[in-house]
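Keep the sequence and the model side by side while reading.

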Amino acid sequence: MADARTTAVATLIVIGTGTLWGFYWLPVRRLEDLGLGGAWGTLAIVALAAIVLSPFAWAARTRLRTADRIGLLSVALGGFAFILFSVGLLYSRVAIIAILFYLTPVWSTLIGRFVMRWPVTRLRLAALAAGFAGLFLILSADGQAPVPNGLGEWLALVSGLLWSIATTGIRIRSDTGPGETAFVFAAGAVLGALCLAPAVEPLPGGIADPAQALGLVLAAGALWWGLSIAGLMWAAARLEPARVGILLMIEVLVSAAAAAALSGERLTLPELVGGGLVLLAGVLEVWPQRGAARHR
């Protein structure tokens, strides 16, 4: 009963995280409008998040020193993956970036099956087929080949792959608490942003509204990269990587709907059908858990 309750709580946290991150593009794009383009705005956000989370890391410094190194590296890799996703939002449509990131269930299931030798149920395969079909429809909605196009889409694709690797390592090796884990995640993001920022855009010459920019950095750093990531790291250590990836897919629908309503990024019929298939994949993945629990 305790395990079932933990799984249920972790599942709700992942769904809530995906919903929240469906709106993450708003502060990122606004920071770009204010002069923090490329990875510079994201660097400011994750640097603030690392500062906010540093007391948790200090309080758990003994546990961090003795923590599993592969687990810590996996968490930091997750932070780097999210950096790529964050920057990708500036170079392509929000829905497309979110969808490409959510190839994660495909990568996670392949890693679990062929690297970790974990079993894969038929319904899990059906969920992946539905998710992949949805991704295919959305990528080819404009009559183009269903492949990434441009810097943003490639960043999103690599981000999803790295996140799958990270969540696998987090699940099998992470042994730290949510607070210090979120700090390591933010620290990995800071290192990634420091490497990526000068390669993507030149150093900003100025900020149009410093007070507004600071407010956005504080909100995004504390809420998205602080609170939500702490919860996600706790949940990711208690759920299968493919399950985490598929549950987070709610972000696809939320971000697509928000972008359509707030930025005029219209959804075509194929995109709507594809989004429905992505949602179906999530339902198929969650539905059989009780019956399939004995196989995991």
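Which residue's side chain meets that of E180 in a salt bridge? The partner is R63, with an N to O distance of 2.6 Å. The model is a predicted one.

## E180 and R63

E180 sits in helix 10, which covers residues 178-200. R63 belongs to helix 4, residues 61-65. The pair therefore ties together parts that are 117 residues apart in sequence.

E180 is buried, at 4% relative accessibility. R63 has a relative accessible area of 42% and is partly exposed. The cut-off for buried is under 20%, so E180 qualifies.

## R173 and D68

A salt bridge also joins the side chains of R173 and D68, at 2.8 Å from N to O. R173 lies in helix 9 (residues 151-173), while D68 is in the loop between helix 4 and helix 5 (69-88). This pair ties together parts 105 residues apart in sequence.

How exposed is R173? R173 counts as partly exposed, because its relative accessibility is 36%.

The salt-bridge criterion is within 4 Å.

R30 is partly exposed at 32% relative accessibility. D33 is exposed, with a relative accessible area of 54%.

## Salt-bridge total

How many salt bridges does a search of the whole structure find? The search returns 4.

## The G274 site

Now the glycine. G274 is part of helix 14, which runs over residues 269-286. Is G274 buried or exposed? G274 counts as buried, because its relative accessibility is 0%.

What does G274 touch, leaving aside residues up to four places away in sequence? The contacts are G134, L137 and I138. A C-alpha distance involves the neighbouring position in sequence, A133.

Methods
Residues are numbered from 1 along each chain as its sequence is written. This is a predicted model: local features need pLDDT of at least 70, side-chain atom pairs count only at pLDDT 80 or more; totals for chains, interfaces and linings use all residues. Side-chain values use heavy atoms; hydrogens and water are left out. Helices (H or I, at least four residues) and strands (E, at least two) are DSSP runs, numbered from the N terminus. Buried means under 20% relative accessible area, exposed over 50%, partly exposed in between (1.4 Å probe, protein chains only). Contact means heavy atoms within 4.5 Å.
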